[in-house]
Amino acid sequence: MKKTIAWILCVLLALTLAVPAFAAEKQGTDVPTVYLQGQGEHIYLPDGTKIYDGGDLPDGFLADAVKECMPSFLDAVRNDDAESWAAYREKLLGMLLPVIGGWALNKDGEASDGSHIDMSWWNQGPGKFGDGSYRFRTYNFYQDWRVDPFETARLLNTFIQKVKSETGAPKVNLVGRCEGANVILAYLAEYGYDDVKCVEIYVQSASGVDGMSALFSGRMQLDATALRRFKETSDLIRIEDQALVELIDAALEFTGDTMLLDAGMLGLQALIPKVYKEVVVYALRETYGRMPGIWSLVGADYYQDARKGVFKGYEDEYAKLLEKLDNYDVKVRQRVEDIILDAVAHGVKIANYSKYGNYQVTPICETNNEIGDNSVSLKFESMGATTAKFGDTLSDSYLEKAKKNGTDQYISPDKMVDASTCLLPDTTWFIYGSDHRDFPELIHAFMFKFLKADGNLKVNDDSAPQFMVYAGSETDHTDTLVPMKEENAATLESGNVVFKNINWKDMVMRFFKSILNFFKSFLLKRSAA
């Protein structure tokens with residue numbers, strides 16, 4: 001508190017200049033932060049009718065689908081002719097589309113029915129602490145996750161100008177979660193860096209989401225080891241992929257041993273290209289394949305295969321949509337690293353926060369043996385970390401080489417991650433034990449440190465170690481976030497994950513659950529025979 005006596009003021013000023021740490025620390029930042037949500041916002045028609053609420057498939061839907069469509073599916077597999085596959089496709093899509101197609105965009109990738117998210121948040125006031133400094137989530141920016149990221153970036157630019165006008169701040173911080181990071185990159189590519197102080201990307205999906213890349217491109221891979229591993233770890237993360245677990249149970253029951261299961265998976269794998277060509281691409285063209293926002297989750301190495309697979313022969317019909325998809329591919333997907341490095345060169349401070357743990361990505365992916373956060377492989381999410389395979393550690397020879405190179409400071413105490421190969425090794429943090437869809441406030445508080453330091457925090461700072469461990473449950477207030485050390489690395493366990501909403505992974509499963517249920521029934525029929 002300021003004093004009225006001149007000499008006391010002089011003494012306080014001198015002490016403050018000499019020892020800044022004695023000054024009262026602000027609770028927040030001087031720069032307002034815009035927090036971009038990921039996928040999952042509810043979708044409404046102009047009359048207020050909610051057409052997407054993130055919910056599950058209707059009770060009994062999968063059982064009914066299997067019962068109704070199994071005969072035509074078996075006919076298609078047995079006959080393998082165009083007529084049989086068309087009959088199966090018509091039956092299946094006739095059941096799927098009324099359930100999952102109601103919130104699709106038109107063939108141009110536009111909401112021609114006027115559907116939208118709730119925009120009441122646009123007029124929110126800034127979140128502040130009592131001392132007037134800004135909270136971590138000063139403003140929340142919600143997006144229509146279906147639409148072109150560049151359209152959302154245009155709205156973000158308008159919102160940023162609104163925030164600057166309201167607060168008088170010359171710049172803002174941006175935090176992008178999952179698909180929100182894709183929008184931030186589109187914004188930086190389109191509008192530059194002048195209005196941005198710091199950027200934090202959190203479980204980012206701009207480098208691709210494993211399951212989405214596999215489904216859209218048709219590069220799906222069923223692996224017996226991955227399926228078993230998924231079954232063993234699924235109870236730890238409370239996901240809704242029960243059809244996968246049921247498939248594994250059926251396959252194990254049918255085969256009885258590892259060699260037979262491997263052979264059974266080879267048989268199922270042989271059906272994948274046909275199911276993709278005859279069923280999946282048709283369903284995508286009617287639903288999620290019309291959504292540029294969802295397409296932004298397809299990785300750079302998968303996009304051309306996905307584009308060709310989904311739209312071959314339909315290029316003219318979907319020309320305007322393809323223009324949007326190709327624009328994002330050229331300006332963002334293929335330039336993710338360039339955009340980030342250019343932003344850093346222009347003075348923007350950028351941090352990346354990635355997660356991993358005892359999580360298996362959806363076991364339909366080529367990356368099914370990679371560690372990750374259950375939805376995205378860590379090597380993608382971290383933008384380049386070198387990681388051990390699931391259930392393993394980096395080799396002794398690799399660790400010895402890192403020690404000789406002086407990069408061993410970037411090796412995780414559990415010896416599963418080398419962060420030195422990341423795009424931003426000094427500002428990439430890792431949280432073990434928190435799933436992709438879990439966003440506890442403890443992690444937000446940890447991320448806030450970077451913004452409070454005006455982006456000048458590094459991973460070698462004692463207050464923010466590069467590797468952290470999340471455990472417990474936010475719901476019952478038992479969660480903790482502590483530095484990973486050699487002492488606790490040997491006994492790490494996955495946190496108790498509570499999913500906040502349904503997102504794109506569940507969308508993938510809406511397609512694939514049905515297909516896998518057919519496979520399950522197919523296996524059981526063969527077993528009975």
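S354 counts as buried because its relative accessibility is 0%, where buried means under 20% relative accessible area, exposed over 50% and partly exposed in between, with a 1.4 Å probe and protein chains only. This is a predicted model in which local features need pLDDT of at least 70 and side-chain atom pairs count only at pLDDT 80 or more, while totals for chains, interfaces and linings use all residues. Residues are numbered from 1 along each chain as its sequence is written, and side-chain values use heavy atoms, with hydrogens and water left out.

**Around S354 and across the chain**

S354 belongs to strand β7, residues 349-356. Helices (H or I, at least four residues) and strands (E, at least two) are DSSP runs, numbered from the N terminus. If neighbours within four places in sequence are set aside, S354 touches L378, E381, S382, W429, F430 and I431; contact here means heavy atoms within 4.5 Å.

Let's step back to the protein chain, which has 18 helices and 12 strands. Of its 529 residues, 55% are buried. Taking contacts between residues at least 6 apart in sequence, 76% join residues at least 24 apart.

I339 gives us an example from a helix, as its place is in α13. With a relative accessibility of 1%, I339 counts as buried. Beyond its neighbours within four places in sequence, I339 is in contact with L185, L188, A189, Y193, K331 and V332. I339 and A186 are 153 residues apart in sequence, and their C-alpha atoms are 9.1 Å apart in space.

**The largest pocket**

What lines the largest pocket? Its lining has 23 residues, and S207, A300, D301, R333 and F380 are the ones nearest its centre. The space inside comes to about 370 Å³. For the pocket search, a 1 Å grid is laid over the protein atoms alone: a pocket is an open set of points where a 1.4 Å probe fits, with protein on both sides within 12 Å along at least five of seven lines, and lining residues have an atom within 4 Å of a point. Grid points are joined across faces, edges and corners, and the volume is the space filled by probe spheres set on the points.

By residue type, the lining divides into 7 nonpolar, 7 polar and 9 charged residues. In this scheme, Ala, Val, Leu, Ile, Met, Phe, Trp, Tyr, Cys and Pro count as nonpolar, Asp, Glu, Lys and Arg as charged, and the others, Gly among them, as polar.

Three helices, α6 (210-217), α13 (336-345) and α14 (378-381), each supply at least two residues of the lining. The biggest share comes from α13, with 3 residues. As for α6, 8 of its 8 residues are buried, including M212, L215 and F216. Just after α6, G218 has a positive phi of about 80°.

**Aromatic rings and charges**

How many aromatic pairs does the structure hold? There are 27 of them. Rings of Phe, Tyr and Trp (its six-membered ring) pair if their centres lie within 6.5 Å; planes under 30 degrees apart count as stacked, over 60 as edge-to-face and the rest as tilted. W85 and Y88 make an edge-to-face pair because their ring centres are 5.9 Å apart and their planes meet at 65°. A second pair, F311 and Y318, is tilted, with 5.2 Å from centre to centre and 50° between the planes. Both F311 and Y318 are buried.

W85 and Y88 lie 3 residues apart in helix α3 (residues 82-100), about one turn of the helix, and both are buried. Elsewhere, one aromatic cluster is formed by W121, W122, Y139, F141, Y142 and F159.

| Charged residue | Ring | Distance to ring centre |
|---|---|---|
| R137 | Y35 | 4.0 Å |
| R285 | Y282 | 4.6 Å |

**Two loop residues with positive phi**

Most residues other than glycine have a negative phi. K415 has a positive phi near 60°, and its place is in the loop between α15 (396-405) and β9 (417-418). K415 counts as partly exposed, at 34% relative accessibility.

H477 also has a positive phi near 60°. The loop that holds H477 runs between β11 (467-471) and β12 (480-483). At 72% relative accessibility, H477 counts as exposed.

Notes. A charge sits over a ring if NZ of Lys or CZ of Arg is within 6 Å of the ring centre and within 35 degrees of the ring normal.
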